[in-house]
Amino acid sequence: MILDVASWLLLLAGGFFVFAGGLGALRMPDFYTRAHASGLTDSMGTILILSGVALQAGFSLAGLKLFTILAFLLLTSPTATYALANAAYFAGLRPLLPPLSAETDDRKTR
Amino acid sequence: MDFLGLYNYWVFALLLSTGLYAVIAKANLVKKLIGIAIFQSAVFLLYITMDKVDGGTAPIIQAGAVDVIYSNPLPQVLILTAIVVGIATTALGLAIIVRISETYGTVEEDETQELDRE
Amino acid sequence: MITLFAVFLLTLLVITAFGIVRAQNLFVAVMLAGIFSLQMAAIFFILDAADVALTEAAVGAGISTVLFLGALALTVDEERPRPSARFLPLVVVAITTLAVIYATFEKPRLGDPNAPVHMHVAPWYLENTPTLIDIPNVVTAVLASFRGYDTFGEVFVIFTAGIGVMFVLGTPWSRLNADDVPSAETHGLRHHLIPRVVGRLLVPFIVLFGLYVQFHGEYGPGGGFQAGALIAAGIILYALLDGEAAALRAVPASWLAAMVAIGPLIYGAVGLAGIVLGGRFLDYSVLATDPVAGQHWGILLIEAGVGITVTGVMVSVFHAFAARASMR
């Protein structure tokens with residue numbers, strides 16, 4: 001019973017973070033802020049949802065596999081977000097910041 | 001009207017038509033190839049829909065369990081091979097598109113036809 | 001509850017397909033196709049097809065995206081804009097859709113246990129696999145043993161596609177030299193330290209997982225095709241991060257050519273061994289004194305052949321596209 005309630009709470013919290021990440025990925029004004037918002041899904045969403053499911057599985061082989069998947073996702077998803085932002089920066093996309101002065105305004109932000 | 005029982009098939013019809021539209025209406029060769037991939041995926045969806053049995057589980061026989069309903073393994077075997085064959089033929093199609101692009105300088109179908117007529 | 005989720009996923013699938021057709025930038029279309037494959041994998045899993053879901057995720061969302069991106073790097077990036085949708089194709093497509101939807105009313109409902117497809121051969125396979133072949137995964141049993149001849153043909157299709165790509169692109173294995181391709185340092189993979197470190201950490205585990213899936217295919221979802229795609233994805237990841245030269249030093253082109261050839265050879269050899277030992281072609285029961293043990297041996301060997309073929313072909317095709325790009 002306690003386990004079920006805890007699982008529900010974790011899954012709902014994880015769902016909220018995924019929703020927030022998705023909303024941010026759609027509504028943020030700039031590429032870098034959008035990538036930052038979708039990073040919410042990578043970290044908090046993954047941890048909460050997978051631990052909510054792992055509570056249901058308990059100390060079994062399924063629980064161990066879930067923990068391994070969590071470790072793998074925590075390692076790779078933020079790296080992918082970083083690689084995306086890095087590639088965008090090297091392609092010339094600059095963040096939507098006010099220019100420091102007129103001479104340094106070389107940005108294309110879309 | 002058994003909506004939930006037939007929804008899979010309607011999705012199959014919509015995906016089929018989307019893939020077909022991409023193949024016949026788009027002029028870009030890469031788009032056509034992606035359309036063929038969507039068409040193939042629609043057919044996979046149709047076959048796998050047919051394998052589900054109410055209350056069934058994946059056809060992996062657990063030792064010692066009696067009276068368990070299993071879903072049909074046969075369409076899964078067919079689609080397993082179909083997926084890998086699909087990617088193999090897509091790879092070949094992409095290689096041909098690369099050569100066409102280098103020879104004609106474009107991958108738009110009407111431009112290649114015009115260049116052929118010259 | 002799960003039906004609601006399935007309906008939601010199916011709707012999302014149709015929306016993604018529309019997005020793919022409407023996208024003008026081909027890069028966007030390829031990315032959406034990857035998302036499409038992942039949604040298909042989730043739907044397959046909900047429909048109890050675990051093996052197929054694994055294959056679709058590995059092959060469709062993984063290898064297919066990489067191959068499309070490789071081809072896009074060699075061709076154009078955007079589709080030439082067209083005037084709005086053409087009338088005649090829309091009419092043809094609409095008529096086709098209505099005809100198919102009209103036909104679906106005759107189909108058995110989803111999950112109907114009395115549908116004709118569940119009546120004839122499938123119950124026989126489900127009942128007789130424990131006695132004849134004795135492996136838990138019925139899909140692998142049917143794929144490798146009962147319908148082994150079809151799988152043999154499919155291995156040859158993959159083999160032919162591999163050789164076809166190598167010849168069409170003009171980069172046979174003899175030309176894939178580690179010294180001829182630009183190394184990572186000169187070809188713009190600098191400043192990517194974090195992905196390189198994480199990628200190098202992950203590649204051995206990906207290959208290990210691929211081997212696990214290969215040999216565990218008899219007890220759970222898995223098998224040769226999925227394992228081949230996974231190991232190929234690991235090697236392709238290494239090539240993307242550390243440069244093609246490093247990947248060609250790690251897995252030389254001669255090995256790839258050998259893998260592409262040895263896979264079907266193993267499969268055919270097992271088949272001929274059946275004839276030599278007194279049975280029929282691809283009859284595994286004669287491979288050992290106990291027929292069930294013979295079946296196990298046969299399935300193990302041919303799955304290995306399938307895995308080797310798929311790995312070799314996928315990595316070779318990737319190197320062919322990459323070498324063509326550097327030839328320009």
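pLDDT is the predictor's confidence in each residue, from 0 to 100. The structure shown here is a predicted model. The mean pLDDT of chain C is 87. In that chain, 94% of residues reach 70 or more. For the model as a whole, ipTM is 0.93 and pTM is 0.90. Where pLDDT is low, predicted coordinates should not be read in detail.

**Figure 1. Chain C is built from twelve helices and zero strands.** From the N terminus on, its elements run α-α-α-α-α-α-α-α-α-α-α-α. The C-alpha atoms of chain C fill a box of roughly 60 × 55 × 35 Å along the principal axes. Of the 328 residues in chain C, 46% are buried.

**Figure 2. Chain C has two assigned domains.** Domain 1 of chain C covers 1-124. Domain 2 of chain C covers 137-328. Taken over C-alpha atoms, the centres of the two domains are 26 Å apart. Domain 1 of chain C brings 14 residues to the contact, and domain 2 of chain C brings 18 residues. On the side of domain 1 of chain C that touches domain 2 of chain C, ten residues are nonpolar, three are polar and one is charged.

**Figure 3. Helices α9 and α12 of chain C cross at roughly 30°.** Helix α9(C) spans residues 224-242, and helix α12(C) spans residues 291-327. Their axes come within 7 Å. The crossing is right-handed. On α9(C), the contact residues include C:Gly224, C:Phe225, C:Ala227, C:Gly228 and C:Ile231. Also among them are C:Ile235, C:Ile236 and C:Ala239. On α12(C), the contact residues include C:Glu303, C:Val306, C:Gly307, C:Thr309 and C:Val310. C:Met314, C:Val315 and C:Phe318 of α12(C) take part too. By class, the contact of α9(C) with α12(C) has 13 nonpolar, five polar and one charged residues.

**Figure 4. Chain B meets chain C.** Here 72 residues of chain B are in contact with 84 residues of chain C. Three helices of chain B, α1 (3-25), α2 (29-50) and α3 (74-104), each supply at least two residues to the side that touches chain C. Helix α3(B) gives the largest share of that side, 22 residues. The residues of chain B on this side divide into 47 nonpolar, 18 polar and seven charged. Two pairs of chains are in contact, and chains B and C share the most contacts.

**Figure 5. Chain A touches chain C but does not touch chain B.** Seven residues from chain A and six residues from chain C make the contact. The side of chain A that touches chain C has four nonpolar, three polar and no charged residues. Between chain A and chain B, the nearest C-alpha atoms are 16 Å apart.

**Figure 6. C:Asp48 has a positive phi, although it is not a glycine.** Its phi is about 70°. Most residues other than glycine have a negative phi. C:Asp48 is found in the loop between α2 (26-46) and α3 (50-74) of chain C. Is C:Asp48 buried or exposed? C:Asp48 is buried, because 23 other C-beta atoms lie within 10 Å, and 20 or more is the cut-off for a buried residue.

**Figure 7. C:Asp134 also has a positive phi and is not a glycine.** Here phi is about 60°. C:Asp134 lies in the loop between α5 (122-132) and α6 (138-146) of chain C. With 15 C-beta neighbours inside 10 Å, C:Asp134 counts as partly exposed.

**Figure 8. A:Asp30 sits in a loop of chain A.** The loop runs between α1 (2-27) and α2 (31-57) of chain A. A:Asp30 has 15 other C-beta atoms within 10 Å, so A:Asp30 is partly exposed. How many residues apart in sequence are A:Asp30 and A:Pro95? They are 65 residues apart in sequence. In space, A:Asp30 and A:Pro95 are 6.9 Å apart, C-alpha to C-alpha.

Notes:
Residues numbered from 1 in each chain as written. Chains lettered and ligands numbered in written order. Predicted model: local features only at pLDDT ≥ 70, side-chain atom pairs only at ≥ 80, totals over all residues. Domains from an automatic or database assignment. Nonpolar A, V, L, I, M, F, W, Y, C, P; charged D, E, K, R; others polar. Axes fitted to C-alpha atoms, helices over the stretch in contact; angles between N-to-C directions. Helix = DSSP H or I, 4+ residues; strand = E, 2+ residues; numbered from the N terminus. Left-handed = near helix turned anticlockwise from the far one by under 90°. Buried ≥ 20, exposed ≤ 12 C-beta atoms within 10 Å, placed from the backbone.
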